[in-house]
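Morning, everyone. I'll take a few minutes on one model, a residue at a time.

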Amino acid sequence: MTRSPLRAVYPVFVFAIVLALALPAGVAAAQPSGDRLVRELVAAPDAAAAFHALSTTEQQQVLGQLEVVKLVTETAEPSPVSSAGGGFSVLSGGCWTVTWGRSGYNSLGWELFSLKQRIDWCGNGSTLASATRTRWVEVYKPGWSGSIIQDPVWGGAGYWSFRAFTQAEFILNLVYPWQHVYPWLDMTVTAAGGLSGSGGGT
């Protein structure tokens, strides 16, 4: 009996449809394309002209890569560390370190930048022997830049607590200033190893 050509092709056709439905529509193609377009704009002699020369779809891909749609605060609990000459025993106190972050994400869930703040401190349960704060910015996508604009502190060695506030300004300025974002972190540590705080900013 002769097999129909259509019957031979049918299983392959069905498999192709199932495979296509199993993949998120447009994700595999859109993400690399948007990333490629961003890098081409960064390298272009006239980024504004290059951006305006893109199609509407391509411009949307670029914006999807670079615009912040949400800010997320990443917190952590204090980690004990060895005393650095704090002048007290582990039984009566200790030393700790902790780092928090406040990051911006695009519509695809990719991290674009982050503000970081770290505190290292030692205390004997009632008084701080030392407390230092380090803050910095990290940028993960082209077009974004960041800098610290506020960083006051309160308390410290000789006090019960140490509070550190830091705020950054991140600017998306690939073609022109599209977006300004001002995340902040506010953290307080105590001589007993306690930690409290929050993050915010838009």
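This is a predicted model: local features need pLDDT of at least 70, side-chain atom pairs count only at pLDDT 80 or more; totals for chains, interfaces and linings use all residues.

When I say two residues touch, I mean heavy atoms within 4.5 Å.

Asp186 is found in strand β10. Is Asp186 buried or exposed? Its relative accessibility is 14%, and the cut-off for buried is under 20%, so Asp186 counts as buried. The side chain of Asp186 also makes a polar contact, at 2.7 Å, with the side chain of Arg163.

Next, Tyr182. This residue sits in the loop between β9 (179-181) and β10 (184-190). Tyr182 has a relative accessible area of 30%, which makes it partly exposed. Which residues does Tyr182 touch, if those up to four places away in sequence are not counted? They are Ile149, Gln167, Ala168, Glu169, Gly200, Gly201 and Thr202. Take Ile149: it lies 33 residues from Tyr182 along the chain, and their C-alpha atoms are 9.1 Å apart.

In soluble globular proteins, nonpolar side chains tend to be buried together. Here the largest nonpolar core has 34 residues, and the members touching the most others are Val62, Leu66, Phe113, Ile119, Trp121, Trp144 and Trp178. Elements that each supply at least two residues of this core include α2 (27-43), α4 (56-66), β4 (111-123) and β10. As for Trp178, its contacts beyond four places in sequence are Phe51, Val62, Leu63, Leu66 and Leu172.

That's what I have.

Notes. Residues are numbered from 1 along each chain as its sequence is written. Side-chain values use heavy atoms; hydrogens and water are left out. Helices (H or I, at least four residues) and strands (E, at least two) are DSSP runs, numbered from the N terminus. Buried means under 20% relative accessible area, exposed over 50%, partly exposed in between (1.4 Å probe, protein chains only). A nonpolar core is a set of buried Ala, Val, Leu, Ile, Met, Phe, Trp, Tyr and Cys residues joined through side-chain atoms within 4.5 Å. A polar contact is a pair of N or O atoms within 3.5 Å; within protein, one must be able to donate a hydrogen and the other to accept it, and residues adjacent in sequence count only if both atoms are side-chain atoms.
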